[in-house]
Amino acid sequence: MTHNGEDTAPARRPEITELRITADGPDQQDPPASETSELPQDRSQAILEAAKEIGALLKRAGHPFALAGSVAVYAHGGSRYLQHDADFCVLPEDAESVAATLREAGLPVRTPPEDWLLKTTCHGQNVDIIFALAHQPVAKDMLDRAHTLPVDSVLMPVLSPTDLIHSLISAFSEHYCDFGSVLPVARAVREKVDWDVVRATCGDQPMPAAFLFLLERLNVIDPQEGQS
């Protein structure tokens, strides 16, 4: 893991900040009393508080992880306007032990139909514990590339900008292609992303290629070498 720098078959997933809560499973339990009192009035701050608490729990328990989604974008200097939830990447083999850590802290853990994540609730906000990202299981090398950054005063590992962008645009398909939600993210972190790596890993797929072309036409990124 760097500082201040940058198997199961997963299902095709949408952009990680767009995941929706599913019906409660049989392991649903009532949230602790602290979940319903003294919540920040600002939704973005509530999401940040949830991210900080979950990150602190995972750190204390020694689980390898990295913050993802819109809170990761914020940690890398993006917008503080957070609309959805907090997302954390963990290794597939750690999913059960992470769930046990959350339950021991009094947080509910739900198992949705999708087989690549777990869900919990903290400070009234949804939190996704993801173990497959960009159609691939979360791997140790991805977590090793994470940057240790302050998230509203709490230091924690955050997906590298390159891995973050790759995870977002590789999810584009004919059934999910919301360029508008990812464009501001690309603008916010463009100088921190290795765009050659992004092109090499997903630039040959139609929808990611179209998004990369859009970024070039908008002068967000330089055209690929050898192209006019």
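Two residues are taken to be in contact when they have heavy atoms within 4.5 Å. With that criterion, this report describes helix packing in a predicted model.

**Overall composition**

The secondary structure of the protein consists of eight helices and ten strands. Of the 228 residues in the protein, 51% are buried. The exposed surface comes to about 10900 Å², and carbon and sulfur atoms supply 50% of that area.

**Helix pairs**

| Helix pair | Residue ranges | Packing angle | Axis separation |
|---|---|---|---|
| α6 and α8 | 179-189 and 206-217 | about 50 degrees | 11 Å |
| α1 and α3 | 43-61 and 95-104 | about 115 degrees | 10 Å |

**The contact of α6 with α8**

Helices α6 and α8 pack at an angle of about 50 degrees. This angle makes α6 oblique to α8. The crossing of these two helices is right-handed. On the α6 side, the contact is formed by F179, V182, L183 and A186, which meet M207, A210, F211, L214 and L215 of α8. By class, the contact of α6 with α8 holds nine nonpolar residues, with no polar and no charged ones. An α-helix has 3.6 residues a turn, so residues three or four places apart point the same way.

**Burial within α6**

Which residues of α6 are buried? They are F179, V182, L183, V185, A186 and V189. The elements that cover these buried residues include α2 (69-75), α5 (161-169), α7 (195-202) and α8.

Helix α6 also contains P184. P184 and S79 stand 105 residues apart in sequence, yet their C-alpha atoms are 8.6 Å apart in space.

**The contact of α1 with α3**

Helices α1 and α3 pack at an angle of about 115 degrees, with their axes 10 Å apart. Their crossing is right-handed. I54, L57, L58 and A61 of α1 meet V98, T101 and L102 of α3. The residues of this contact divide into six nonpolar and one polar, with no charged residue.

**Summary**

In this predicted model, the crossing of α6 and α8 is right-handed, and so is the crossing of α1 and α3. The contact of α6 with α8 has no charged residues, and the contact of α1 with α3 likewise has none.

Technical notes. Residues numbered from 1 in each chain as written. Predicted model: local features only at pLDDT ≥ 70, side-chain atom pairs only at ≥ 80, totals over all residues. Heavy atoms only, no water. Axes fitted to C-alpha atoms, helices over the stretch in contact; angles between N-to-C directions. Helix = DSSP H or I, 4+ residues; strand = E, 2+ residues; numbered from the N terminus. Parallel < 35°, antiparallel > 145°, perpendicular 65-115°, else oblique. Left-handed = near helix turned anticlockwise from the far one by under 90°. Nonpolar A, V, L, I, M, F, W, Y, C, P; charged D, E, K, R; others polar. Buried < 20%, exposed > 50% of the residue type's maximum accessible area, 1.4 Å probe, protein only. Areas by Shrake-Rupley, 256 points an atom, 1.4 Å probe, with all protein chains shown as cover.
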